[in-house]
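Keep the structure open while you read.

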Amino acid sequence: MAEFSPRTDTSTDGETEDKALGLYNSSHGLVVSDASDKSRDQKTLRRLAQNREAARKSRLRKKAYVQQLESSRMKLTQLEQELQRARQQGIFISSSGEQSQSMSGNGALAFDVEYGRWVEEHNRRVSELKGAVSNHAGDGELRIIVDGVVAHYEDIFRIKSDAAKADVFHVLSGMWKTPAERCFLWLGGFRSSELLKLLITQLEPLTEQQLLAIGNLQQTSQQAEDALSQGMEALQQSLAETIAGSLGSSNSSGNVANYMGQMAMAMGKLGTLEGFIRQADNLRKQTLQQMHRILTTRQSARALIAINDYSSRLRALSSLWLARPRE
Amino acid sequence: MDRVKDLASKKAAVIFTKSSCCRCHSIKALFYDLGASPSIHEVDHDPDMERALRRLGCNPSVPAVFVGGKYIGSAKDIISLHLDGSLKKKLIDARAIWF
């Protein structure tokens, strides 16, 4: 019976290894007494050498990443400056020359630029908040800065609402966010319930009452999100049925009328998309306001800082991803 | 007008909808999720009912949500009420749900 005999195999391998490591003394064959110590040292030395090599390769890779990041950053600054200049001059740089396309494209571009500016201002405010917290600022001073950040949040919802009127599909696409942020896109923005989940872990200690309130808020937020998601699904289904209803054999005048009617209906349905985005943004805005009401000033400060740190991480991840070396 | 009020008082939670309205679908989904089992009345083929709803101040006419016989709002209002906890409270008071 051909059975695997581990002992035989191991001893054979061991012998080959020991030979390679020069443990075979020419006159005495395998030197047994201190062979095991020597083999352990040799194995350790080999492992250390491999580690050094791996570390060296890792350093080279890191250097390459950083170089890519630097050049991407420079390119980005250049592009931002160009955009600023173009916007100030009211020029829209369009690849096609088509008027109607450039109109909606203009809305998207304008929003992207405005959003970029909003993010910069938001980051500045949160830096100010971080400074105040680390300098042990009093509650009064903290409250002013915190209220400022919350009010500034409302700005972006207003900007998004205008953008959704101009180009709802651009807002829905999330192309104005970085790739990693887009992973988590829900109805053109972030999920409030996820944000609250993050905060529950980051904001300890919370009083029993606060924990309950935040937990409740997270649950109601999730329920509202689910309801809106179901509404969107119903919209998609309804739209699909309408388009399908417009199919059928062509040429008869009845069918042309049918086609026009169905297309008109489909247009109406697409029109309701803007309402859904607005509802979703309202949900986000109100969740933030409720959260602010439940927490103390100091906790609100920590919450806003945590949210900002989390978003910054996602944006950094996106940059790394975009700059990754491709073989 | 009376027909609306009459229907609205028959059950703790009553929602007037249109089958083509996806916002109505969202609100229905929310009520089901809360376990409220609302009574649904579609007004697609009932322009009189829709007019009556508008006259009562329902804007937009659908979804028109009544809890405990009282109009509490349309889609946007319901979400706000839910977020600050008052929707659940109203539903509990009207015995549409128990917790």
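## The largest cavity

What's around the largest cavity here? By class, its lining splits into six nonpolar residues, two polar ones and one charged one. Bear in mind that this is a predicted model.

The space itself has a volume of about 50 Å³. Look for F190(A), S192(A), L195(A), L196(A), R284(A), T287(A), L288(A), M291(A) and I307(A), which line it. Two helices of chain A, α6 (192-202) and α9 (273-294), each supply at least two of the lining residues, and α9(A) gives the most, with four.

Searching the whole structure turns up two cavities of 30 Å³ or more.

## Where the chains meet

Now for the contact between the chains: 16 residues come from chain B and 20 from chain A. Together they bury about 1600 Å², with carbon and sulfur atoms giving 61% of that area. On the chain B side, C22(B), I79(B) and L83(B) lose the most area to chain A, together 37% of what that side buries.

How many salt bridges are there between chain B and chain A? The count is zero, but five residue pairs are in polar contact.

Key:
Residues are numbered from 1 along each chain as its sequence is written. Chains are lettered from A and ligands numbered from 1 in the order in which they are written. This is a predicted model: local features need pLDDT of at least 70, side-chain atom pairs count only at pLDDT 80 or more; totals for chains, interfaces and linings use all residues. Side-chain values use heavy atoms; hydrogens and water are left out. Contact means heavy atoms within 4.5 Å. Buried area is the accessible area (1.4 Å probe) that two parts lose on being put together, summed over both. A salt bridge is a side-chain nitrogen of Lys or Arg within 4 Å of a carboxyl oxygen of Asp or Glu. A polar contact is a pair of N or O atoms within 3.5 Å; within protein, one must be able to donate a hydrogen and the other to accept it, and residues adjacent in sequence count only if both atoms are side-chain atoms. On a 1 Å grid over the protein atoms alone, a cavity is a set of points where a 1.4 Å probe fits but cannot get out, and a pocket is an open set with protein on both sides within 12 Å along at least five of seven lines; lining residues have an atom within 4 Å of a point. Grid points are joined across faces, edges and corners, and a volume is the space filled by probe spheres set on the points. Ala, Val, Leu, Ile, Met, Phe, Trp, Tyr, Cys and Pro count as nonpolar, Asp, Glu, Lys and Arg as charged, and the others, Gly among them, as polar.
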